[in-house]
Amino acid sequence: MSALTVRGLCKSFGGLHVTRNVDLHVSPGERRLIIGPNGAGKTTLFNQITGDLKPTSGTISLLGQDITRVPSRMRAHLGLARTYQIITLFGRDTILHNVTLALLGLSPVRWNPFVRLDRQTELIERAEAALARVGLEGMKHRALGETSYGERRRVEIAMALAQNPKVLLLDEPFAGLSVDERRDVSRLLASIPRDVTMVMIEHDMDVALEFADRITLLHFGEVIVEGSRADVVADPRTREVYLGA
């Protein structure tokens with residue numbers, strides 16, 4: 001069974017075709033890298049997979065289940081989580097509160113307007129465990145706005161991991177990070193067990209190539225190269241449209 005399958009996925013905004021007949025088959029436990037120049041349709045592809053955008057045509061399957069018409073809010077319950085290219089967290093709240101809020105969205109108590117989050121012991125313990133996985137347990141009571149950009153990236157990853165996803169989408173997790181921060185995030189991603197399938201969009205080729213089992217190259221919304229790291233890097237189409245050679 002495939003972890004994630006996309007077939008014939010198209011998205012148009014009027015006459016602008018952002019994704020064109022995209023096919024993607026990601027095996028369980030795989031680390032897939034999505035590359036391509038700006039405007040290639042990478043984030044739009046993620047937005048369709050998560051349900052933030054409705055495809056013009058095509059299908060999306062998660063763990064063998066067709067989710068093409070499943071509402072975005074329900075896809076997390078089915079095992080899908082993601083991070084975003086632009087971090088949008090609550091800067092005045094603590095790190096722990098941000099991660100606990102991510103878990104609240106999957107909990108039945110989210111419908112109860114009288115629930116006090118600071119009394120949800122189970123959710124808080126799960127949030128603390130997620131922060132421990134990313135090395136931030138000692139900072140859990142710090143306001144998010146007082147952390148570095150790299151630490152916020154790790155908080156975002158903790159929020160996704162706290163949901164126990166089967167498939168994790170990472171949208172440029174190394175963007176804006178220093179060399180040391182990139183190394184920390186790279187080690188963090190390498191530590192995630194293979195029962196979590198990961199698909200990552202990234203521009204930092206040196207870091208990303210170490211991550212990938214297979215690579216998909218998008219150009220003008222189409223898949224033009226796909227294969228192993230060695231095959232994709234050696235392909236002249238990759239050098240032409242992405243590496244500038």
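Mentor: Start with a term. Two strands pair if DSSP finds at least two bridges between them. Keep in mind that this is a predicted model.

Trainee: Which residue in β2 is the bridge partner of Leu9?

Mentor: Begin with the strands. β1 and β2 run antiparallel and are joined by seven bridges. In β2, the partner of Leu9 is Val22.

Trainee: What is the order of the strands in the open sheet?

Mentor: β1 pairs with β2 through seven bridges. β1, residues 4-13, also pairs with β4, residues 57-62, over five antiparallel bridges. β4 is joined to β5, residues 65-66, by two bridges. The four strands therefore follow from pair to pair, and the order is β2-β1-β4-β5.

Trainee: Which are the edge strands?

Mentor: Look for strands that pair on one side only. These are β2 (16-26) and β5.

Trainee: Which residue in β5 does Ser61 stand opposite?

Mentor: Ser61 lies in β4 and is the bridge partner of Thr5. β4 also has two antiparallel bridges to β5. There, Ser61 stands opposite Asp66.

Trainee: Which residue in the turn of the β4 and β5 hairpin has a positive phi?

Mentor: The hairpin leaves two residues between its strands.

Trainee: Are α5 and α6 roughly parallel or roughly antiparallel?

Mentor: α5 spans residues 149-161 and α6 spans residues 179-191. Their axes are 10 Å apart, at an angle of about 15°. Angles under 35 degrees count as roughly parallel. So the two helices are roughly parallel.

Trainee: How many residues of the contact of α5 with α6 are charged?

Mentor: From α5 come Tyr149, Gly150, Arg154 and Ile157. They meet Glu181, Asp184, Val185, Leu188 and Leu189 in α6. Five of these residues are nonpolar and one is polar. The charged ones number three.

Trainee: What is the radius of gyration of the chain?

Mentor: The chain has nine helices and 10 strands. Its C-alpha atoms fill a box of roughly 55 × 40 × 35 Å along the principal axes. For 245 residues, a compact globule would be near 18 Å. The chain agrees with that, at 18 Å.

Note on methods
Residues numbered from 1 in each chain as written. Predicted model: local features only at pLDDT ≥ 70, side-chain atom pairs only at ≥ 80, totals over all residues. Heavy atoms only, no water. Axes fitted to C-alpha atoms, helices over the stretch in contact; angles between N-to-C directions. Parallel < 35°, antiparallel > 145°, perpendicular 65-115°, else oblique. Contact = heavy atoms within 4.5 Å. Nonpolar A, V, L, I, M, F, W, Y, C, P; charged D, E, K, R; others polar. Rg over C-alpha atoms; globule rule 2.2 N^0.38 Å.
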